[in-house]
Structure formats: C-alpha cells, structure tokens
Amino acid sequence: MRSVILDTDIKACGICGSQEPYIEYKELEGERFIYCKKCHTMK
C-alpha cells in the first residue's frame with residue numbers, strides 16, 4: 001500500500017487516475033484521506 005500526503009482536496013487517484021466509484025473518502029485519527037479501491041493507494 002502506498003500513501004501520499006497532500007494539502008489540497010483531490011477528486012481522483014494520483015497513481016492510476018481512477019475516480020468514483022473507486023475512490024472512498026475516509027478519516028483516521030483526525031486525518032482526512034482518500035482510498036483508491038482499484039490500486040489500493042491512500043492519499
């Protein structure tokens with residue numbers, strides 16, 4: 001699994017370019033991130 005921290009809101013995966021429905025918005029320990037179900041990347 002790969003992870004990238006960004007300050008901006010993202011609408012697509014930076015690794016494979018997938019958009020919804022592959023993108024899930026999540027929050028863990030106060031940090032917001034997206035998870036791509038297609039290439040298993042967290043941002």
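Glu 29 counts as exposed, with a relative accessibility of 79%, and this residue sits in the loop between strand S2 and strand S3 (31–36). Glu 29 also has a positive phi of about 50 degrees, although the residue is not a glycine.

**Confidence of the prediction**
- The mean pLDDT of the protein chain is 79, and 77% of the residues in that chain reach 70 or more.
- Among the elements of the chain, strand S1 (residues 2–3) has the lowest mean pLDDT, at 58, whereas strand S2 (residues 23–28) has the highest, at 85.

**Overall make-up**
- The protein chain holds four strands and zero helices, so that, read from the N terminus on, its elements follow the order β-β-β-β.
- The chain has 43 residues, of which 26% are buried, and it exposes about 3,500 Å², with carbon and sulfur atoms supplying 49% of that area.
- When contacts between residues at least 6 apart in sequence are considered, 30% of them join residues that are at least 24 apart.

**Backbone features in the loops**
- The peptide bond that runs from Glu 20 to Pro 21 is cis, with omega near 15 degrees, and Pro 21 lies in the loop between S1 and S2.
- His 40 has a positive phi, near 60 degrees, and is a residue other than glycine; His 40 is found in the loop between S3 and strand S4 (41–42).
- His 40 counts as partly exposed, because its relative accessibility of 43% falls between the 20% limit for buried and the 50% limit for exposed residues.

**Salt bridges**
- A search of the whole structure finds two salt bridges.
- In one of the salt bridges, the side chains of Lys 26 and Glu 24 meet at 3.1 Å, N to O; Lys 26 is partly exposed, with a relative accessible area of 36%, and Glu 24 is partly exposed as well, with 28%.
- The side chains of Glu 24 and Lys 37 also meet in a salt bridge, at 3.3 Å, N to O, and this pair links distant parts of the chain, with Glu 24 in strand S2 and Lys 37 in the loop between S3 and S4, 13 residues apart.
- Lys 37 is partly exposed, with a relative accessible area of 38%, and salt bridges that share partners join Glu 24, Lys 26 and Lys 37 into one network.

Terms used: Residues numbered from 1 in each chain as written. Predicted model: local features only at pLDDT ≥ 70, side-chain atom pairs only at ≥ 80, totals over all residues. Heavy atoms only, no water. Helix = DSSP H or I, 4+ residues; strand = E, 2+ residues; numbered from the N terminus. Buried < 20%, exposed > 50% of the residue type's maximum accessible area, 1.4 Å probe, protein only. Contact = heavy atoms within 4.5 Å. Areas by Shrake-Rupley, 256 points an atom, 1.4 Å probe, with all protein chains shown as cover. pLDDT = per-residue confidence, 0-100. Salt bridge = Lys/Arg side-chain N within 4 Å of Asp/Glu carboxyl O.
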